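Welcome! Let's take a friendly walk through this structure, from a helix to its strands and then to its cores.

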Amino acid sequence: MTAQLIDGNALAASIRTDVARRAAALTARGHRPGLAVILVGEDPASQVYVRHKVKDCEESGLHSVLERQAASISEAALLARIEALNADPAIDGILVQLPLPPHIDAGKVIEAISPAKDVDGFSIVSAGALMIGRPGFRACTPYGCMKMLESIGCDPRGKHAVVIGRSNIVGKPMAMLLLQANATVTICHSATPDLAHHTRQADIVVAAVGKLSMLTADMVKPGAVVIDVGMNRDAQGKLCGDVDFAGVSAVAGHLTPVPGGVGPMTRAMLLVNTLEAAERRWRAVQEPGTP
Ligand code: NAP
């Protein structure tokens, strides 16, 4: 079998087109959706990420503000900036690029973002809403993975999904989204003995570990859908996922490439969340009392 690739670039482009159309409609009614991105310090990878996020907004007709803060900013000053953005009517979504310098409590900063503007979906309110099946912002990476499954007509209902990784930003929300979609979900992590025993039974495998080529062909059931979230560098510095691409593509039914898979979808879902935040705020102003 040769796996069909799920093209994250193409799917993300079609999502951006839809975002641009809806953003233009809202702008025509008087409110241009807006995202504020706060970058603290000079971390080179973070600088690239925030540049992409701002560029994505511009290309989709969203208003964006990039706030650069020195690495020496105090926690109190950063919290004050978030308070100001919470109150800013031109801003619908707030994102604080992680990691933050060690003297700042990232948890406290995330919790300071108004739940109505938490477009990264990292806050306790957003995570809790997902846990109990209420509307709320979904973390962008797992949200994008669900869209990739949808794009190939893969309904998780009744399927066995194995998620490798249990971080708060990928593994756990991924497992909850799959559960909500009626999959039977197994979550594996670094203390899971015999990982392959679990992955071999999976109709859907999501690898979110951060270890180069850790998911090999012998660990995958023939025909399974494999979503590779990992971002690693190989010995030549090339961007690679957690999946042994050459081996697994001979066994899986569908596979996401790295690069060009989950990464562009994560960026696209940030735009979707920002647009949805703007639409909700607009509805709340126009039709007070409606959710
Ligand atoms: P993380 O916080 O480091 O979590 C990694 C998870 O993998 C942990 O739960 C860990 O288990 C588990 N793990 C480590 N070694 C394992 C092993 N040998 N077997 C099974 N599980 C193992 O990382 P993350 O933030 O979730 O990110 C995971 C990967 O996705 C990284 O490569 C990251 O760069 C990438 N990523 C990509 C995107 C994108 O847009 N493409 C977005 C976010 C993240 P324990 O909990 O037991 O330690």
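Contact here means heavy atoms within 4.5 Å. Helices (H or I, at least four residues) and strands (E, at least two) are DSSP runs, numbered from the N terminus. What you see is a predicted model, in which local features need pLDDT of at least 70, side-chain atom pairs count only at pLDDT 80 or more, and totals for chains, interfaces and linings use all residues. Residues are numbered from 1 along each chain as its sequence is written, and side-chain values use heavy atoms, with hydrogens and water left out.

Let's start with helix α5, residues 124-131, where Ser126, Ala129 and Leu130 are buried. Buried means under 20% relative accessible area, exposed over 50%, and partly exposed in between (1.4 Å probe, protein chains only). Because these three cover an arc of only 100 degrees around the axis, they sit on the same side of α5. That arc is taken from the directions from the helix axis to the C-beta atoms. Helix α7 (171-180) is included in what covers the buried residues of α5. On the face turned away from the buried side, α5 carries the exposed residues Ile124 and Met131. After α5 comes Gly133, with a positive phi near 75 degrees.

**Strands side by side**

Two strands pair if DSSP finds at least two bridges between them. An open sheet of 3 strands runs in the order β3-β2-β4, with parallel pairing. β3 (63-69) and β4 (93-96) are at the edges with a single partner strand each, so one side of each has no neighbour in the sheet.

Elsewhere, strand β7 (residues 204-207) is covered on both faces, with Ile204 and Val206 buried on one side and Val205 and Ala207 on the other.

| Strands | Bridges | Facing residues |
|---|---|---|
| β2 (residues 34-40) and β4 | 4 bridges | Leu35 and Gly93 |
| β5 (residues 160-164) and β7 | 4 bridges | Ile164 and Ala207 |
| β7 and β8 (residues 225-228) | 4 bridges | Ile204 and Val225 |

**The nonpolar cores**

A nonpolar core is a set of buried Ala, Val, Leu, Ile, Met, Phe, Trp, Tyr and Cys residues joined through side-chain atoms within 4.5 Å. The largest one has 47 residues, and Ile15 and Leu149 are among those with the most contacts inside it. Helix α10 (residues 262-286) gives the most to this core, with 9 residues. Domain 1 (30-114) and domain 2 (140-263) both contribute residues, so the core lies between them. Those bounds come from an automatic or database domain assignment. Leaving aside its neighbours within four places in sequence, Ile15 is in contact with Met265, Ala268, Met269 and Val272. Another core, of 19 residues, lies apart from the largest one and includes Ala207 and Leu215.
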